[in-house]
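Please look over the structure below before reading on.

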Amino acid sequence: MSEETNFLEELEDVLKEAASAESEKLRTPLEDFAFWLRDLGNCASFRGNLISLDRAKADVMAADAEEAFQSNAKCRDAAQKRVDKAIHEARQKMDARMSVSGNSSFYQEFRQRFDHRLNALREKLELLRTSENAAVVDEMEGHLIASGIHGKAKEICGDLATEYSLQAASVYYNEIGYDAWDPSDYEEGLAKLFAKGFVRHGFNCYDAIRATEQDAETALDRFQADFNTQIQDEILSTIVEPVQKLLPRLRDADALLSA
């Protein structure tokens, strides 16, 4: 994701928060609780994924007498090994995002956002507690539990991690560029024939590395989208809907208090 896109998304988040804060001033405490309850599933929303791989020694110029290869076969072998290194690095970065451990994983990012939202929601609910509605508030609090969602999020990550991966290495090998420096191009006669034995070979793996990055980013984006959809459904069914069904009872209790 570009710096410009990051800036625009951050600006959009700031504007949304400002708008929400302004709207919050106009809502009653009960309306505010109901609003943030409906919004709880949005804590599964993340930014796009960016995979950046090491490009050191990703090319060898055929014209470079010190680095170039005398054998075309050795050149191809070295190029494929360099792409294998990029693939291994990409897989490590993908694993770090799709696992349930490590600060950079989808699961840990989700858990941090979800716990923050849920704790804020519990605080808003506690502000509504009165002697008349205490039983209803207690019942609602019984649904505002993080552990079940944490467990489901881990389960979803484990299932999805087996579904998304890179393509076969041969696909990325096809993106390698090769060139040759032929000294016979500058000779004539017997000298030209003799020079043919000194052809040097080089490679360029930049396109192959970029293709690997793009596939890794696409796989992570799809993983993230599936994770978001499934965990949002879980939050809706286990927290949002059960608590929403209790809202009329909470309103009735408040009505009795104000009567």
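The report below covers the basis of the model, helix packing, the sheet and an aromatic pair.

## Basis

This is a predicted model, in which local features need pLDDT of at least 70, side-chain atom pairs count only at pLDDT 80 or more, and totals for chains, interfaces and linings use all residues. Residues are numbered from 1 along each chain as its sequence is written, and side-chain values use heavy atoms, with hydrogens and water left out.

Helices (H or I, at least four residues) and strands (E, at least two) are DSSP runs, numbered from the N terminus. Two packed helices are described by the angle between their axes and the distance between the axes. Axes are lines fitted to C-alpha atoms, for helices over the stretch in contact, and angles run from 0 to 180 degrees between N-to-C directions.

## Helix α4 with α6

Helix α4 covers residues 106-126, and helix α6 covers residues 147-161. Their axes lie 10 Å apart, at an angle of about 160°. That makes α4 roughly antiparallel to α6 (angles under 35 degrees count as roughly parallel, over 145 as roughly antiparallel, 65 to 115 as roughly perpendicular and the rest as oblique). The crossing of α4 over α6 is right-handed (the near helix is turned clockwise from the far one by less than a right angle; anticlockwise is left-handed).

From α4, the contact (heavy atoms within 4.5 Å) takes in Tyr107, Phe110, Arg111, Phe114 and Asp115. From α6 come Ile149, His150, Ala153, Lys154 and Cys157. By class, six residues are nonpolar, one is polar and three are charged. Here Ala, Val, Leu, Ile, Met, Phe, Trp, Tyr, Cys and Pro count as nonpolar, Asp, Glu, Lys and Arg as charged, and the others, Gly among them, as polar.

Asp32, Phe33, Trp36 and Leu37 of α2 meet Leu121, Lys124 and Leu125 of α4. Five of these residues are nonpolar, none polar and two charged.

Helix α5 (residues 134-141) packs with α4 at about 175°, with the axes 10 Å apart. Arg122, Leu125 and Glu126 of α4 touch Val137, Met140 and Glu141 of α5. That contact has three nonpolar, no polar and three charged residues.

## The sheet

Three strands form an open sheet in the order β1-β3-β2, with antiparallel pairing (strands pair if DSSP finds at least two bridges between them). β1 (59-60) and β2 (177-181) are at the edges with a single partner strand each, so one side of each has no neighbour in the sheet.

Two bridges join β1 to β3 (residues 200-204). Val60 stands opposite Phe203 in β3. Helix α3 (residues 72-98) packs on the sheet, where it touches β2 and β3. The direction of α3 makes about 20° with that of β3.

## An aromatic pair

The whole structure holds six aromatic pairs (rings of Phe, Tyr and Trp, its six-membered ring, with centres within 6.5 Å; planes under 30 degrees apart count as stacked, over 60 as edge-to-face and the rest as tilted). One of them joins Phe110 and Phe227 edge-to-face, at 5.6 Å centre to centre and 80° between the planes. Phe110 lies in helix α4 and Phe227 in helix α9 (residues 206-258), so the pair ties together parts 117 residues apart in sequence.
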